[in-house]
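Please follow this explanation with the sequence and the model side by side.

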Amino acid sequence: MWYKRTIPLILVFVLGILAFAQNFIPHPLSEKFLKTVTDWSRIIGGFGLFLGAYSLLHMHVSRIRRQQPGWAYSGFVFIGAMGMIILGLWNDGVGPVRPAPDPQGTWFNWGYESIQVSCSSAMFSILAFFMASAAFRTFRARNLGAALLLAAALIVMFGRVTVSETVGGWLGRPKVFGEIVNAIMDYPNMAAKRGVLLGIALGAVAQSLRIIFGIERSYLGGGD
Amino acid sequence: MATHQDSLKRLTFTRQIVYVLVATSIILPFLIKGISLPFEAEPGAETFYKQLDRLPPGSHVLMSFDYDPPSKAELYPMTVALLRHCFEKDVIPIVMTNWPSGLGLFEKACGDVAAEFADKGDKKVSGTDYVFLGYRPSMSDLILNMGVDIKGAFTTDYYKQPTAAMPALEGVKSLRDIDLAVALAAGNTVELWMAYGSDRFGFPLAAGTTAIGAPKLYPFLNSGQLVGLLGGLRGAADYEKLIERPDIATSGMVALSGAHILLIVLILGANIWYVVGRITGREGS
C-alpha cells in the first residue's frame, strides 16, 4: 500500500507543485531544476521508443502465431522493419553494393525515398478520393443549420483556391472571396474554436489540480 | 421497386464516377501546359514573410519540421521555400524535428537547397551557414529543455558533429536567443511550441500546417501568439510568390482549383437533386 499508493501520491504532489512554481521563479536554481527534470523525462521518452517498437512487434508476432485473418500482412511489418534496420546498419547505411541507386549514395536513403515516402504519400492521397465521394454522398442541406454549414464550407472551399481571384477579378474585386473566407475564419470559426480551447484548457487545469492534490487517483491503477 | 442490391450497385457506380472525375481534375492541369491562375499572397503568409525578411544576416531561425511523408505534398514545398528565403537572406536556419519518420525528407531539403545555392556560387556549409540537428524524443520536454540549453539538448547535430563550438550556433544558448521560430506541423506540435516554447521563453513563433489543420490555429494568429500562418498547399504557393521563386506549390494551384471546383459542383448538384426529390416526393432522395 505504502509503495503503490502513498509514495506515488507524494511524488506527484511534490513534483507537481515544484514544476508549477518553477514557472514563476526566474532564478538559475529554478532553471537547473527544469533542465534536470526534463533531462530525466527525455531519457524516459527514449526508452518509450523501445517500448513502442517492442509493443508493435509483439502484437504482430501474436497475429502471426494465432494466424488471425490478414496475418500475412503482419509479416510485411517484419520484412520492412528488418530490411530498413539491416540497410541502416550495413556499412553505416551505405549498404551491401556500391554504387547505391540513390543520388545521396546510400541504400537506406533509397529505401526511405522509394518505398516509405512513395507508399505513405500514395496512401494519404487516396483520402482525396474518399473525401470527395463521402462529401458528395452525405453533405446535404437537411435543415437550416446544415444549410448554413454547407454554404460556409462551399464559400471557404472556393475562396481558398486561386481561381476565386480570377472570378473576383471578373467582378471587379479579385480578393472579394478571400475576404469573405477570412471573415468566416476570423469570426464564427475563431469564436467557436476559442470556446472549445478555453474549455479544454480549464478542464486540463482542473484535472491537473485533482491529480496534484491526490483527488484523482485513477492513474495509479485499480486493485490493491 | 428498387432492391437493396440495386441501391448498392448505383452507389458503387456513382463512387467510381466521382473517383474518375477527381483523378481527372487533378491530373489534367499538370498535363496541359501554359495554364496558370494569377493570385496574391494571403495576409497570414505576408506577415510570416515579413517576420523572416526583416531579420539581419546572421540571425537564427529555429525550424521545427514536424511532419512525415503523408503530408509531404503540402508541407515540403513550404520547407523548401522557407530554407531558400533563409539562405537568400544569409539567416541561419537551425533545423530540427519532433517526428523521426520525416528525418530523411528534411535532410534532403537542407541538402538540396544548399546545393542549389552552391550551384549559384553561394556555398552553404552545414554547421556554419545552417544546422540540421535531427530528432530527439519527448516533444514537450525537449522544448522545455531547449528553453534552458539548446546545445545540451542536442549535443551533436544529425551528422554527429558536436554543437558546443559550432559556428552556426554562436551566441545561441537557449530558445531565448532565437530570433524567430517556425513550426511546420502535420499534428499538434504548433500548440506545444506555443505552450512550452514561445509563450514561456518569449520568442516570435510562426507556423505552417496542412490545410485541414489551419482553421484551428486562427485564434492564435489573432491573439498574437503566432506571427504568421501558412495553410496547406495554398500557403506554400503564397510563400513561393512572396520570395519570387514559383515552384511545385504554385504549379499545383490549377489542379487544386480544379479539384475544389469539381467538389463544389458535385455537392451543389447532389443537393439540388435532393431538394427537388423532396419537393416531388421521389423515392431515395
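**Helix packing and chain contact**

In this predicted model, the axes of helix H5(B) and helix H7 (residues 189–201) of chain B cross at roughly 25° and come within 10 Å. An angle under 35 degrees counts as roughly parallel, and H5(B) is therefore roughly parallel to H7(B). The crossing of H5(B) past H7(B) is right-handed. On the H5(B) side, the residues that meet H7(B) are B:Met139, B:Ser140, B:Ile143, B:Leu144 and B:Gly147. Their counterparts in H7(B) are B:Thr189, B:Leu192, B:Trp193, B:Tyr196, B:Gly197, B:Arg200 and B:Phe201. Sorted by class, the contact of H5(B) with H7(B) comprises seven nonpolar, four polar and one charged residues.

Helix H5 of chain B, residues 139–148, also packs against helix H2(A), and here the axes come within 9 Å and cross at roughly 145°. H2(A) passes H5(B) in a left-handed crossing. From H2(A), the contact draws on A:Glu31, A:Leu34, A:Lys35, A:Thr38, A:Asp39, A:Ser41, A:Arg42 and A:Gly45. H5(B) supplies B:Asp141, B:Leu142, B:Leu144, B:Asn145 and B:Val148. The contact of H2(A) with H5(B) is made up of four nonpolar, four polar and five charged residues. B:Leu144 takes part in the contact with H2(A) and also in the contact with H7(B).

The contact between the chains as a whole involves 47 residues from chain A and 44 residues from chain B. On the side of chain A that touches chain B, the elements giving two or more residues are helices H2 (28–66), H4 (107–138), H5 (144–159), H6 (163–170) and H7 (176–212) of chain A. H4(A) contributes the largest share of this side, 15 residues. The residues of the side of chain A that touches chain B comprise 21 nonpolar, 14 polar and 12 charged.

H4(A) also packs within its own chain. Helix H3 (residues 71–89) of chain A meets H4(A) at an angle of about 145°, and their axes are 8 Å apart. A:Gly83, A:Met84, A:Leu87 and A:Gly88 of H3(A) make this contact with A:Trp107, A:Phe108 and A:Gly111 of H4(A). The contact of H3(A) with H4(A) has four nonpolar, three polar and no charged residues.

Attention now turns to burial. In helix H2 (residues 43–53) of chain B, the buried residues are B:Gly44, B:Ala45, B:Phe48, B:Tyr49 and B:Leu52. These residues lie on the same side of H2(B) because they cover an arc of only 135° around the axis.

A:Phe13 lies in helix H1 (residues 2–22) of chain A. With 14 other C-beta atoms within 10 Å, A:Phe13 is partly exposed. A:Phe13 and A:Ile212 are 199 residues apart in sequence, while their C-alpha atoms are 4.8 Å apart in space. Not counting residues up to four places away in sequence, A:Phe13 touches A:Ile212 and A:Gly214.

A:Phe33 belongs to helix H2 of chain A. This residue is partly exposed, with 17 other C-beta atoms within 10 Å. Neighbours within four places in sequence aside, A:Phe33 is in contact with A:Leu18 and A:Gln22. A:Phe33 and A:Gly195 are 162 residues apart in sequence and 35 Å apart in space, C-alpha to C-alpha.

Notes:
Residues are numbered from 1 along each chain as its sequence is written. Chains are lettered from A and ligands numbered from 1 in the order in which they are written. This is a predicted model: local features need pLDDT of at least 70, side-chain atom pairs count only at pLDDT 80 or more; totals for chains, interfaces and linings use all residues. Two residues are in contact if their C-beta atoms, placed from the backbone, lie within 7 Å. Helices (H or I, at least four residues) and strands (E, at least two) are DSSP runs, numbered from the N terminus. Ala, Val, Leu, Ile, Met, Phe, Trp, Tyr, Cys and Pro count as nonpolar, Asp, Glu, Lys and Arg as charged, and the others, Gly among them, as polar. Axes are lines fitted to C-alpha atoms, for helices over the stretch in contact, and angles run from 0 to 180 degrees between N-to-C directions. A crossing is left-handed if the near helix is turned anticlockwise from the far one by less than a right angle, and right-handed if clockwise. A residue is buried if 20 or more other C-beta atoms lie within 10 Å of its own, exposed if 12 or fewer, and partly exposed in between; C-beta atoms are placed from the backbone. The arc is that of the directions from the helix axis to the C-beta atoms. Angles under 35 degrees count as roughly parallel, over 145 as roughly antiparallel, 65 to 115 as roughly perpendicular and the rest as oblique.
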